[in-house]
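Here are my notes on this one, in the order I'd go through them with the model open. Have a look at the structure first, then read on.

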Amino acid sequence: MPRNWPQAWERAGRAIAAVETLLLAALVSALVLLSAAQIILRNFFHSGFLWAEPLLGMGLLWLTMLGALAATGARRHIVIDLVGHFCPPRLRGAIGRLTALFAAAACGWLAAAAARFCQFQKEMETARILDIPVWIYYLIVPVAFGLMALRFLVQAAGPAARPTPEAAP
């Protein structure tokens with residue numbers, strides 16, 4: 001293994017975080033602009049885009065999933081760590097790894113379930129938004145849960161599965 005492996009891993013992590021932040025900012029901006037346009041069109045011109053409401057709903061789904069993925073990568077996700085809080089510092093690492101493995105399994109299971117849901121939506125082809133089948137919009141769910149599962153596995157195998165409560169900001 002090359003000597004600069006940890007530095008390369010860290011640079012890759014920062015680049016991924018930057019791309020995630022850019023995607024989240026662009027998505028929030030687009031949702032705010034579309035919502036504002038809908039409000040103006042409805043209130044002043046008594047019209048609007050028929051496709052805006054369902055697209056805003058899908059945008060919120062994407063924002064939620066990408067935000068959860070970013071939080072997982074930054075280790076800022078919701079954690080219930082009652083046991084680890086009362087354990088000695090030497091056990092916190094092991095408990096953090098076990099928790100990360102459990103979260104990886106849960107996210108993997110959710111990714112598989114979401115993939116089955118997308119397949120069902122594809123077979124039924126019930127709706128379209130902007131002439132794109134709805135199941136394509138839903139693909140963010142299994143992809144994001146799959147990537148979260150991968151991140152939790154990396155966190156479980158990493159040097160510190162969870163920061164100690166004293167180190168957390």
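1. Beyond its neighbours within four places in sequence, Phe145 is in contact with Met65, Cys107, Leu110 and Ala111. Keep in mind that this is a predicted model.

2. Now zoom out to the core. The largest nonpolar core has 22 residues, and the members touching the most others are Met65, Cys107, Val141, Phe145 and Met148. Two or more core residues come from each of α1 (5-45), α2 (52-73), α4 (89-124) and α6 (140-157). With seven residues, α6 is the top contributor to this core.

3. A word on the cysteines. Cys107 counts as buried because its relative accessibility is 8%, under the 20% cut-off. Cys118 has a relative accessible area of 3%, so Cys118 is buried by that cut-off too. If you were wondering about disulfides, the count is zero.

4. How far to trust it? Mean pLDDT for the chain is 86, with 87% of its residues at 70 or more. Going by the elements of the chain, helix α5 (residues 134-138) has the highest mean pLDDT, 95, while helix α3 (residues 82-86) has the lowest, 71.

5. One stretch to treat with care: residues 161-169, where pLDDT stays under 50. The model does have 15 contacts beyond four places in sequence for residues 161-169.

Notes. Residues are numbered from 1 along each chain as its sequence is written. This is a predicted model: local features need pLDDT of at least 70, side-chain atom pairs count only at pLDDT 80 or more; totals for chains, interfaces and linings use all residues. Side-chain values use heavy atoms; hydrogens and water are left out. A nonpolar core is a set of buried Ala, Val, Leu, Ile, Met, Phe, Trp, Tyr and Cys residues joined through side-chain atoms within 4.5 Å. Buried means under 20% relative accessible area, exposed over 50%, partly exposed in between (1.4 Å probe, protein chains only). Helices (H or I, at least four residues) and strands (E, at least two) are DSSP runs, numbered from the N terminus. Contact means heavy atoms within 4.5 Å. pLDDT is the predictor's confidence in each residue, from 0 to 100. A disulfide is a pair of cysteine sulfur atoms within 2.5 Å.
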